[in-house]
Amino acid sequence: MNVQEEILTAIKEYQTIIIHRHQRPDPDALGSQVGLAEILRASFPEKAIYQVGGPVEGLDYLAEMQEISDEVYKNALVIVTDTANSPRVSDQRYANGAKLIKIDHHPNDEPYGDLVWVDTTASSCSEMITAFWKMFAEELTMSQEAARLLYAGIVGDTGRFLYPATTSATLRYAADLLDYGFDAPKINREIDQVSRAVARLSGYVFENLEVDSLGAGKVILTNEIQQRFGVVDSETSAIVSLPGKIEDVLAWAIFVEQPEGYYRVRMRSKGPVINEIAKRHHGGGHPLASGANAADLEEVAAIYQEIQTAVSAFREQA
Ligand code: AMP
């Protein structure tokens, strides 16, 4: 039996299934989590299926979470989607079920769970869930709502099919989902649109981005800047990809100061591998999209220096 068959067997075996995802969710976290929940609801109406986790922040147009008591975890199957490391699982009760499954597309730095299905070649965890449905299409039922959520997850993590993880399979899965007739232009717009405050912050990012001669970029969003523009940390996801639009920027970091004084680091790249840098600074992620933390401005400078070195090494290879 391959791992996907083992996962389906476990799903059939349990009456209660609780699905979690990572903290600070993005469209792929919610798309894979609730997309899977909706497929299971449509396929096994007699089972109790729950989606659990903390606030969905600005993504309530996608899905909302359910409140469940600790009791529900007894004899439950728990599935965690899109989450590489166990401390990042939203709602730590995920560990209280009878059996645990990890489904993810990030590097498998921590293979937690009784069953682990990790595919780092998938563009998104939502793509994996779509593949899972296709694999067992005779037993699993796709619904329009599941298709909407999974499509949103794929669009979110591929930057609307822009990033290199987008394959011909990604596009075929997206096409299969589109057949379910949800309003795709609406979901594309919802993912893409920003508030006026974030639009103004975008101007600040372009104005203040520091780029070295080789294409390593950085910008620091202090608490004072965030207050001035009236944005909070969760809204910075909309501006992370912006420096990549500039032709000579190859890799970049956005340092978002937190109220406690440390910096959340959001790193992106068009080629140089950056997740090794992230791992050295309490973070991790994909080779071209990672996150980390910097304790102070000294660590901010150290991270930028490491990005510059990675960009320089990449240029030399090319
Ligand atoms: P973000 O900039 O927060 O959108 O993060 C980009 C990617 O980096 C995410 O998909 C995560 O895989 C990863 N990531 C972000 N923060 C962390 C962290 N503190 N630890 C491990 N991985 C992280």
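The model is predicted: local features need pLDDT of at least 70, side-chain atom pairs count only at pLDDT 80 or more, and totals for chains, interfaces and linings use all residues. Residues are numbered from 1 along each chain as its sequence is written, and side-chain values use heavy atoms, with hydrogens and water left out.

**Domains and records**

- The domain assignment gives domain 1 (1-190) and domain 2 (195-315); such bounds come from an automatic or database assignment.
- Taken over C-alpha atoms, the centres of domain 1 and domain 2 are separated by 28 Å.
- Residues 17-154 are 28% helix and 17% strand, with end C-alpha atoms 23 Å apart.
- Residues 229-312 are 27% helix and 27% strand, and here the end C-alpha atoms are 34 Å apart.
- Helices (H or I, at least four residues) and strands (E, at least two) are DSSP runs, numbered from the N terminus.

**The interface between the domains**

- Eight residues of domain 1 are in contact (heavy atoms within 4.5 Å) with 10 residues of domain 2.
- About 660 Å² is buried between domain 1 and domain 2, and carbon and sulfur atoms give 50% of this area.
- Arg24, Pro107 and Asp109 supply 57% of the area that domain 1 buries against domain 2, more than any other three residues.
- Buried area is the accessible area (1.4 Å probe) that two parts lose on being put together, summed over both.

**Salt bridges**

- The structure holds 15 salt bridges (a side-chain nitrogen of Lys or Arg within 4 Å of a carboxyl oxygen of Asp or Glu).
- Between domain 1 and domain 2 the count is two salt bridges.
- Arg24 and Asp233 meet through their side chains in a salt bridge, at 3.4 Å from N to O.
- Another salt bridge joins the side chains of Glu139 and Lys12, at 2.4 Å from N to O.
- Glu139 sits in the loop between helix 3 (125-135) and helix 4 (144-158) while Lys12 is in helix 1 (residues 3-13), so this pair ties together parts 127 residues apart in sequence.
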